[in-house]
Amino acid sequence: MKVSISALHSGGRRGGALLAVLWLSAALAAIAFSAAQTVRAERDRTANLVDGTRAALLASSGVERGLLYLQWGPGIPLPDGRPRFWAPGMPILRFSFPSGEALVEIIPESSKMNVNAAPPDFLARLIVALGYPPPLAAKVAAAIVDWRSRYDPQASLDPLYLRLDPTFRVPHASFQQIEELSSVYGMTSELLYGRVERTPDGNWVPRAGLRDCLSVYGAGGSFDINSVQPAVMAAAGVPPDAIATVVALRRHAPITQEQLRALAANLGPAAASFVIGGDKFYTIRATARIRKPNGGLSDLRRTATLTVLLSPTYDLGSYRILDARSGPAVRPMEETWPW
């Protein structure tokens with residue numbers, strides 16, 4: 001059977017055209033797949049931004065309602081005897097909104113030690129109680145004291161700061177914001193803001209930092225028993241067994257005045273340092289989660305925080321905002337409280 005040369009050329013052209021079409025189809029499919037992935041990623045990113053904004057607004061709403069409850073006080077008791085709004089010793093308020101839920105922590109600044117008044121040995125014991133080695137604790141405690149003390153050319157740590165890059169001079173004045181601790185020589189972000197550790201059973205457990213234990217508005221030695229950090233209790237000289245008892249009691253309900261009196265013998269010489277309730281300085285911190293279409297709560301969290309001075313002397317029915325901030329979620333004050 002004879003095949004003409006023109007027929008062979010015609011078949012070759014058709015085969016080349018088919019191959020070109022196949023290659024073009026593959027290229028277009030790859031482009032379409034890449035475009036689809038980009039669109040999907042942008043859609044997810046936009047959805048996360050929207051959810052984050054909603055959660056941030058929800059956290060702000062939680063803070064504002066928490067402030068109102070704090071001002072209104074106990075109010076007319078509920079049928080079961082609980083305060084209708086808030087009473088001293090209540091560390092947690094839970095608010096349910098149509099768009100989600102907010103866990104609001106009422107943290108008296110009296111649950112923290114005043115960073116400008118804490119003795120050096122207290123600071124060192126506190127850092128050790130947070131899980132850091134004694135040499136580091138002694139170094140950071142000395143640097144904190146040096147920062148807030150008058151300049152002493154014989155003992156100042158200024159040469160250490162002048163060797164840093166960039167260099168800066170220590171103010172040798174009282175701390176105005178607790179975040180100033182981040183510039184103290186030897187300080188780390190984990191020591192200041194806390195860290196997360198893996199337990200032997202594989203779970204991740206948050207640990208407190210100095211920000212949870214020290215404050216520029218804090219007390220000089222009297223701590224609210226319902227919100228004081230275990231590390232602060234340890235630094236004050238409370239035995240470990242008594243600390244475990246306090247944490248276990250307040251996990252279920254706020255500690256009452258009667259329970260505090262019963263605990264006095266276990267708290268040791270530091271018993272007189274613990275009281276119920278705080279002073280006029282409070283931090284209100286709301287952690288919000290939005291509600292998903294199926295009714296469940298999103299894993300995304302946002303936090304809003306207010307530090308307020310209640311009832312200034314010039315207006316007994318008012319308050320003054322000392323600090324306000326918002327951002328990603330932070331560790332709840334009491335790591336054993338359920339969400």
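Which residue in β9 stands opposite Ala102? I began my notes with that question, and in this predicted model I found Ala288 of β9 opposite Ala102.

**Ground rules.** I number residues from 1 along each chain as its sequence is written, and side-chain values rest on heavy atoms, with hydrogens and water left out.

**Confidence.** I looked up pLDDT, the predictor's confidence in each residue on a scale from 0 to 100, and noted a chain mean of 83, with 89% of residues reaching 70 or more. Over residues 331-339 the pLDDT is below 50, yet this stretch has 35 contacts in the model beyond near neighbours in sequence, a contact being heavy atoms within 4.5 Å.

**The strands around β2.** I take helices (H or I, at least four residues) and strands (E, at least two) as DSSP runs numbered from the N terminus, and I call two strands paired if DSSP finds at least two bridges between them. Strand β1 (residues 92-97) pairs with β2 in the antiparallel sense over six bridges, the two being joined by a hairpin through two residues, and Phe97 stands opposite Gly100 in β2. β2 also pairs with β9, again antiparallel, over nine bridges. I then checked burial, with buried meaning under 20% relative accessible area, exposed over 50% and partly exposed in between, for a 1.4 Å probe and protein chains only; eight of the nine residues of β2 are buried.

**Ser111.** I followed the chain on to Ser111, in the loop between β2 (100-108) and β3 (113-114), and found Ser111 buried at a relative accessible area of 1%. Its side chain reaches the backbone oxygen of Pro108 at 2.7 Å. Not counting residues up to four places away in sequence, Ser111 touches Phe223, Asp224, Ser227, Val228 and Gln229.

**Ser298.** I looked next at Ser298, which is placed in the loop between β9 (281-290) and β10 (302-310) and is buried with a relative accessible area of 11%. The side chain of Ser298 reaches the backbone nitrogen of Leu300 at 3.0 Å, and, neighbours within four places in sequence aside, Ser298 is in contact with Arg289, Ile290 and Lys292.

How many residues has helix α3? I read 15 residues (134-148), reaching 21 Å from the first C-alpha to the last, close to the 21 Å expected at 1.5 Å a residue, where the expected span is 1.5 Å times one less than the number of residues. The buried residues of α3, among them Leu136, Val140, Ile144 and Trp147, pack against α2 (120-129), α4 (158-162) and α5 (189-193).

I define a nonpolar core as a set of buried Ala, Val, Leu, Ile, Met, Phe, Trp, Tyr and Cys residues joined through side-chain atoms within 4.5 Å. In the largest, of 50 residues, Leu181 and Phe274 touch the most other members. The elements giving two or more residues to this core are α2, α3, α5, α6 (230-236), α7 (240-252) and α8 (257-267), and α3 gives the most, with eight residues. Apart from this core lies another of 26 residues, including Leu67, Tyr69, Ala87 and Val104.

**His172.** Is His172 buried or exposed? I found His172 buried, with a relative accessible area of 15%, in the loop between α4 and α5; His172 has a positive phi of about 50° although it is not a glycine.

**The β4–β5 hairpin.** Strands β4 (residues 195-198) and β5 (residues 204-207) pair in the antiparallel sense over four bridges, and I noted Val205 as the bridge partner of Glu197. Five residues lie between the two strands of this hairpin, and Gly202 in the turn has a positive phi of about 95°.

**Asp323.** My last entry concerns Asp323, in strand β11 (residues 319-328), whose side chain is joined to that of Arg325 by a polar contact of 2.8 Å. I count as polar contacts pairs of N or O atoms within 3.5 Å; within protein, one must be able to donate a hydrogen and the other to accept it, and residues adjacent in sequence count only if both atoms are side-chain atoms. Leaving aside neighbours within four places in sequence, Asp323 is in contact with Gln177, Thr305, Leu306 and Thr307.

Key:
This is a predicted model: local features need pLDDT of at least 70, side-chain atom pairs count only at pLDDT 80 or more; totals for chains, interfaces and linings use all residues.
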